[in-house]
Amino acid sequence: MKIANRDKVREVLTDLQIPALKKFGQNFLIDEQVASNIVSLLELKANESVVEIGPGLGALTHYIVNEGVNLKAVEIDRTLTEFLINTYESSENVEIINEDFLKLEFSNGKKVKVIGNLPYYITTPIMEKLIKNSDHITRLVVMVQSEVVKRFNAVANEAEYGALSVLLSLIGEGRGEFKVSNTNFFPRPNVASQIYVFDFNHNFSNDYIDELFRFVTALFTNKRKSIVKSLEIVLGNRRKAKNIIDKVNIESNLRAENIIPETYKQMFDLVLEEDLLKTVTYPRPKKRNKK
Ligand code: SAM
């Protein structure tokens, strides 16, 4: 069912006797053309599998289902989930789940494409979860705040450069797509939005990426310190830190923001090779990591 227009969204919310909830970042898309354009960026083929994050009233869902794919849509709001289950009750290949996406277990089976007009209050944790589960995600199409796209795409020495930019650069290719004005939503948010497309193309295990992410994040935590000092804090040992900095051949007085993604990976691989992960000072997952 087409739902992406102001009158329809207002009518359905009134029928359901619910407001748009700020706490869940509910700003519903009210432009059919925009909804259709976003979904077309997934470049879907029949029988592919798609995961939709926060389908809401189904603005994107309609266009995804039209492509004859298998869809799993994960919505945290119970009333919206029930509305969507009723809307798609006759569609066999559509599964609507009432769950917090951040708690969703990704199955290890088929490759999936992921899409969502993200609830902005949890953009970063959602991106982290996707990155850490990316061994079976092929393409990602998300709507985020325009400002956030700058962080995703930032390169070393730019103000927005951080752990997320480093990881994304190491595991695939991303690009900012078209912008979406705040007038295309009900209720209207304060910020402008932009579409971001990312193609994962790496051979790392999820555990490897998880560990790498923790390592890079820990180095960015001490942003104002030199990289050798940050690494010393992370490894708990000055000599070992200096040794790694020498091996990757960078100046020890550089800071986290000056270091390119490939060098972060080299440093991390040396940490693995020299079996230093067991002494790092930041929290680690219980599982063993492998490449
Ligand atoms: N896709 C719809 C659209 O484009 O109109 C809704 C987008 S709205 C910006 C974000 C949606 O994500 C809302 O439906 C909200 O209830 C849902 N949401 C918020 N937090 C969530 C979470 N942790 N897990 C799953 N869905 C969530």
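**View 1. The ligand and the largest pocket.** In this predicted model, the space taken by the ligand is the largest pocket, a pocket being an open set of points, on a 1 Å grid over the protein atoms alone, with protein on both sides within 12 Å along at least five of seven lines. A molecule is taken to sit in a pocket if more than half of its atoms lie within 2 Å of the grid points of that pocket. The volume of the largest pocket is about 740 Å³, where volume is the space filled by probe spheres set on the points, which are joined across faces, edges and corners.

**View 2. The lining of the largest pocket.** Lining residues, defined as those with an atom within 4 Å of a point, number 43, and Phe 24, Gly 25, Gln 26, Asn 27 and Pro 119 lie nearest the centre of the largest pocket. Two or more lining residues come from each of E1, strand E2 (49-53), E3 and strand E6 (137-145), the strands being DSSP runs of at least two residues, numbered from the N terminus. By class, the lining divides into 27 nonpolar, 10 polar and six charged residues, with Asp, Glu, Lys and Arg counted as charged, Ala, Val, Leu, Ile, Met, Phe, Trp, Tyr, Cys and Pro as nonpolar, and the others, Gly among them, as polar.

**View 3. The shell around the ligand.** The ligand is surrounded by 23 residues, the closest being Leu 29, Glu 75, Asp 100, Phe 101 and Asn 117; a residue is near the ligand if one of its heavy atoms lies within 4 Å of it. Strand E1 (28-29) and strand E3 (70-75) each contribute at least two residues to this shell, which holds 13 nonpolar, six polar and four charged residues.

View 4. An N or O atom in the side chain of Asn 117 is 2.5 Å from an oxygen atom of the ligand. Of the 600 Å² of accessible area that the ligand has on its own, the protein covers 98%, areas being computed by the Shrake-Rupley method with a 1.4 Å probe.

**Notes.** Residues are numbered from 1 along each chain as its sequence is written, and side-chain values use heavy atoms, with hydrogens and water left out. Local features need pLDDT of at least 70 and side-chain atom pairs count only at pLDDT 80 or more, whereas totals for chains, interfaces and linings use all residues.

Definitions and conventions
Polar contact = N/O pair within 3.5 Å; in protein donor to acceptor, adjacent residues only side chain to side chain. 1 Å grid on protein atoms, 1.4 Å probe; cavity = no way out; pocket = protein on both sides within 12 Å on 5 of 7 lines; lining within 4 Å. Helix = DSSP H or I, 4+ residues; strand = E, 2+ residues; numbered from the N terminus.
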